Structures are given as C-alpha cells and as structure tokens.
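The paragraphs below walk through one structure, a few residues and elements at a time. Please keep the sequence and the 3D view side by side while reading.

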Amino acid sequence: MPRALFLSPHYDDVAFSCGGTAFALAMRGWTTTLCTVFTKSVPSPTGFALACQLDKGLAADVDYLSLRRAEDDGAAHALAFSEVTRLEFAEAPHRGYDSAAALFGDFTPTDTIAGALEERLRECVRGSDAIFAPQALGAHVDHRRVRDAVLAIADAPAHTPRTMWYRDAPYVLREPLADPSEPLASKTPTTVAFALDARALAAKLDACAAYASQLGFQFGGEDTMRDALAEFALAEGRRFGVDAPREAFRSHDSAWAAIVL
C-alpha cells in the first residue's frame, strides 16, 4: 500500500491547500499521514503571541494550541487520514517574531530551529512514497522553515524523497498567479493538477470548516470560506484549461507526478 506524507506548517494549512487531494488518495487506498510541525502549547502567552490569540476572538486564558488540536482532529477525520503526527515546535510568535510584519520578513537570530526541524522531518519522511510540502507562497516564516528543511532533505545523498509542492492557501487566494521563490522554482519545473470530484471537494470544505477558530480571521466566516475555496478550485482548473475543480502542485518530474496524481 503506497504511503503519502502531508506536511502542514500549522493546523489547517494542508486542509486549506490540498485537502481534496489528501482525501482522494485515501479513497484510492493510500496510507495518508498528516504531520503538523508548529503545534507546541506555550502557557501564558504575552505580547504579539497573545495578540495572535486575541484577534481570533479567544480569551487570554484559553489554551490556543489545545483548541486547535481538537479542531485538527475533526479535520483529519473528515479527510480520512490514516495517521496524525505532531512535531511540537513552537510557532513563530514564540520564537522571536514580534509583529505581523516580522512573520513575513527575515529569519530572526533567535529562530534556531532549522537543524532540529530538518532532523525531525528526515525521520518523518522515511518510508513515504510521496511527500506533500508547502511552496511557502505568502512567505510566512514557518512555511519557509518547512520548505527549506524539505529541500535540504531532498538534496542529501541518502534521501531523495519525491515531493509534490502545494500552493499555500489562503495566501494564494490573494495572489492566484504566485510562483515559488528560488531555489524551489528551478528545482520544480513541472506544474501539475489533481482533479477533485464532488466528494473530494466536499470533504475538503468540511475539513476546513472544522478549523472554526480561524475562519472569521482568514475568510470572514464559514460560508465565505466555502465559497472562496470552491471558487479558487475552479479557477485552478481554468488555469489548466478545464472548467472543473483542481488542486495544483509543483514537481521535479512530470512523469512521476502523473503516477501519484
């Protein structure tokens, strides 16, 4: 039975970006694993970290990441994931990024997780037949950390994981024609699309709805999220010349990508 590993920087990134593909592969008999990287609960957050919680309408005494874990369980069930793994690295606001602008800027001197993250992901990818990782569209530092770690693993002599690079939503909804930055762009010359049938698209939207704490902030509410992601899937299809929903990926090898998708 083939195995697919879906790497999500935060709770919700895989569901928003390529949840339909994850569900469809599960329905084809793949063993699918959802691995979320930045999941560590930090007691009594302050400053910008607390602000990131309050702007979701949550009280200061709520365990934000515990709430998000519960949401993630619901989403993983909706997408029929076989396994769920959480790596428990702290999110960027707990690693020295102290403003919204900083989240999309340079890595800070206090952000020293690169080596440990690469080591943990190297363990996670072992035994996978396909890996789904973020292109880091939108340039969020956490997404870039995951992208860079996967690129480093792919460049290592002992590992050549075959990776499908997904388009990060909701960032890509704001810039539909965005392409990944270097070196990912030159390493992935092929763009491919996965067709979503009605069942896969419905599963994706139901999984995204499970992340209730994020929907108002990211989309303006559940109904708006459903409309926006469904319309974006159709727009992706139109980029490939079809009037049907698609999820798009970058790959190093069109022949290999066609086998997976």
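Glu247 is found in strand E7, residues 246-251; strands (E, at least two residues) and helices (H or I, at least four) are DSSP runs numbered from the N terminus. The model is a predicted one, in which local features need pLDDT of at least 70 and side-chain atom pairs count only at pLDDT 80 or more, while totals for chains, interfaces and linings use all residues. Residues are numbered from 1 along each chain as its sequence is written, and side-chain values use heavy atoms, with hydrogens and water left out.

At 3% relative accessibility, Glu247 counts as buried, a term that means under 20% relative accessible area, with exposed over 50% and partly exposed in between (1.4 Å probe, protein chains only). The side chain of Glu247 reaches the backbone nitrogen of Gly20 at 3.1 Å. A polar atom of that side chain also lies 3.5 Å from the backbone nitrogen of Gly19. Leaving out residues up to four places away in sequence, Glu247 touches, among others, Ser17, Thr21, Val192 and Lys204, where contact means heavy atoms within 4.5 Å.

Phe249 is one of the residues with the most contacts inside the largest nonpolar core, which has 50 residues. Such a core is a set of buried Ala, Val, Leu, Ile, Met, Phe, Trp, Tyr and Cys residues joined through side-chain atoms within 4.5 Å. Helix H1, residues 13-27, gives the most to this core, with eight residues. Apart from it lies another core, of 21 residues, among them Ile113, Leu117, Val150 and Ile153.

Just after H4, Gly127 takes a positive phi of about 90 degrees.

How many disulfides does a search of the whole structure find? It finds zero, a disulfide being a pair of cysteine sulfur atoms within 2.5 Å. Cys35 is in no disulfide, and the nearest cysteine sulfur, that of Cys124, is 4.0 Å away. Cys35 is buried, with a relative accessible area of 0%. Cys124, at 19% relative accessibility, counts as buried too.

Terms used:
Polar contact = N/O pair within 3.5 Å; in protein donor to acceptor, adjacent residues only side chain to side chain.
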